[in-house]
Amino acid sequence: MTFADLGLSDELLRAVETAGYTEPTPIQAQAIPQVHMMKDLIAVAQTGTGKTASFVLPMIDILSHGRRRARMPRSLILEPTRELAMQVAENFEKYGANHDLKLALLIGGVQMGDQVRALDEGVDVLIATPGRLMDLFERGKILLTGCELLVIDEADRMLDMGFIPDIEFICEKLPTTRQTLLFSATMPGPIKKLADRFLTSPKYIEVARPATANINITQFKVAVTARKKQDVLRSLLLKEDVQTGIIFANRKTTVRDLNKNLRRLGFASGEIHGDMDQASRMAELALFKAGKINLLVASDVAARGLDIKGVSHVFNYDTPWHPDDYIHRIGRTGRAGATGRAFTFVAGEDAEAIANVEKLTGLKIPVFTLDDAAEQVETAPALPAAPAEVEKPAREDRPRRSEGRTRRGEQRRDQPRKAEAAAEERIRPEPPQEAPRAPAPERSQRVEPAPRRHYPADPPSLPGEWNGPVPGFLGISAL
DNA sequence: AAAAAAG
């Protein structure tokens, strides 16, 4: 199976090839022909499965016929967060390189002027978060009567965020003879109802949850007390030789405080959460993608869908309350065939949350103890997929420091070095008496076989194969 | 419980 088998145009195939992809993922293979035939579609799939390209590619072909008109966008894609909307826009630009298509990105937190001007000139595709779309609609800047293709992405997340009334409102403004695509990771009742009401005899496709089955991610849990979290994190960051890591916390205040402390300790870290203005959100993300900072402290705004190449580690500074968020968070690493390591801090009150995570993933997460930090790294539990007797986790899988990467590597090492000395002195073995014992390390077992995804090895972002100066973090594709 | 989204 190749992209050429899916009925895509030659221009599009060229763009796909330029991007370095040859083989469609399962969802692409199923969805693209259906969308191409202008049929409705319900796809149960998450980001990381190649979902975005499964609608962006055929949409480009569909939109290549016809003309745009002022204030009457020809298609609309709804996204739950601003960053996801930006990412879809980048995909459109990448794959639409050989087409004359205009898009407008309608998200909050930025000036409306450019968005209004783009609408006035006419666009083929509108990529929007609901709030700003509604705002502009109410100001009379958009007519949706010419919009014949609607994509509702991450529908279940939209539901969580209370966007369903807005989506219903928008659906009613679109012509009834239109094509509607609905993507959702799960299918709770209200989403089924939404689909019944606004889709016409849709094809239903479902692909496996990716992160639960992603054997590229080595997972650990770490027993901590609330007041030792910072020390444990600092120690782990140094011992793990973290190249690029995202640290998730449950609260925005925690994100802020933690980033401040990491910076004070000399780490090259940044932060992203919803209380920051959009310019700062974008700036921090850009710094991270460019490798100017190698740690990003984040709220769940960054948990889903964000595709940042080369993230070697994910730390859950807090166990997420909702098990789905665990899957999303750790899915920021181990992407595109690379390996990744995910550590989840479990304090006493997180017992139930982590149990729910293990139930959901069907995986007993091995315990990683830091009683003797120096030793523990060497005797950490094995890869979840391997028998428990294996001595070393797959550290060899991770990139070796090569001369080529020193430019950035050195920058990063210098700063934490001070912290390292301090850490050696102060953090030393933490007698675990008051630390809650996490459940005993059990033989980890995988419950379902991991379906292999097909990723091109072409872009120079796979750790271990890269010898040049700084790995590019700019690739955004969710193919 | 928190976070996300309009200003």
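This is a short exchange about how terms are applied to the predicted model above.

Biologist: What makes up the secondary structure of chain A?

Modeller: Chain A has 16 helices and 13 strands. Helices are DSSP runs of H or I with at least four residues; strands are runs of E with at least two; both are numbered from the N terminus.

Biologist: Why is Leu 295 called buried?

Modeller: A residue is buried if 20 or more other C-beta atoms lie within 10 Å of its own, exposed if 12 or fewer, and partly exposed in between, with C-beta atoms placed from the backbone. Leu 295 has 26 C-beta neighbours inside 10 Å, so Leu 295 counts as buried. Buried residues make up 47% of the 479 residues in chain A.

Biologist: Which residues does Leu 295 touch?

Modeller: Contact requires C-beta atoms, placed from the backbone, within 7 Å. Leaving out residues up to four places away in sequence, Leu 295 touches Gly 245, Ile 247, Leu 262, Phe 267, Ala 268 and Ser 269. Leu 295 belongs to strand 11, and Ser 269 stands opposite Leu 295.

Biologist: How do you know that strand 10 and strand 11 pair?

Modeller: Pairing needs at least two bridges found by DSSP between two strands. Strand 10 and strand 11 (residues 295-298) have four bridges, in the parallel sense. They therefore meet the definition of a pair.

Biologist: What is the order of strands in the open sheet?

Modeller: The six strands run in the order 8-13-12-9-11-10, with parallel pairing. Strand 8 (217-223) and strand 10 (269-272) are the edge strands, as each pairs on one side only. From one strand to the next, the twist averages 20 degrees. Helix 13 (residues 323-330) packs on this sheet, touching strand 8, strand 9 (245-248), strand 12 (313-316) and strand 13 (340-346). Its direction makes about 155 degrees with that of strand 12. Axes are lines fitted to C-alpha atoms, for helices over the stretch in contact, and angles run from 0 to 180 degrees between N-to-C directions.

Biologist: What makes strand 4 covered on both faces?

Modeller: Strand 4 (residues 125-128) has Val 125 and Ile 127 buried on one side. Leu 126 and Ala 128 are buried on the other. Strand 2 (residues 75-78) runs parallel to strand 4, joined by three bridges. There, Leu 78 has Ala 128 as bridge partner. Strand 3 (residues 103-106) also runs parallel to strand 4, with four bridges. Ala 104 stands opposite Leu 126.

Biologist: Why are Met 38 and Ser 201 called exposed?

Modeller: Met 38 has 12 C-beta neighbours inside 10 Å, so Met 38 counts as exposed. Ser 201 has 6 other C-beta atoms within 10 Å, so Ser 201 is exposed. Met 38 lies in the loop between helix 2 and strand 1. Ser 201 sits in the loop between helix 9 (189-198) and strand 7. Phi is positive at Met 38, near 65 degrees, in a residue other than glycine. Ser 201 is not a glycine either, yet has a positive phi of about 30 degrees.

Biologist: Which residues of helix 2 are buried?

Modeller: In helix 2 (residues 26-36) they are Ile 27, Gln 28, Ala 29, Ala 31, Ile 32 and Val 35. These buried residues pack against strand 1 (41-44), helix 3 (51-63), strand 6 (179-184) and strand 7 (203-206).

Biologist: Which residues come nearest to DNA strand B?

Modeller: Of the 25 residues around DNA strand B, Gly 108, Gly 131, Arg 251, Gly 274 and Val 301 come nearest. A residue is near a molecule or strand if its C-beta atom, placed from the backbone, lies within 6 Å of it. Helix 6 (residues 130-138) gives the most to this surface, with five residues.

Terms used: Residues are numbered from 1 along each chain as its sequence is written. Chains are lettered from A and ligands numbered from 1 in the order in which they are written. This is a predicted model: local features need pLDDT of at least 70, side-chain atom pairs count only at pLDDT 80 or more; totals for chains, interfaces and linings use all residues. Two residues are in contact if their C-beta atoms, placed from the backbone, lie within 7 Å.
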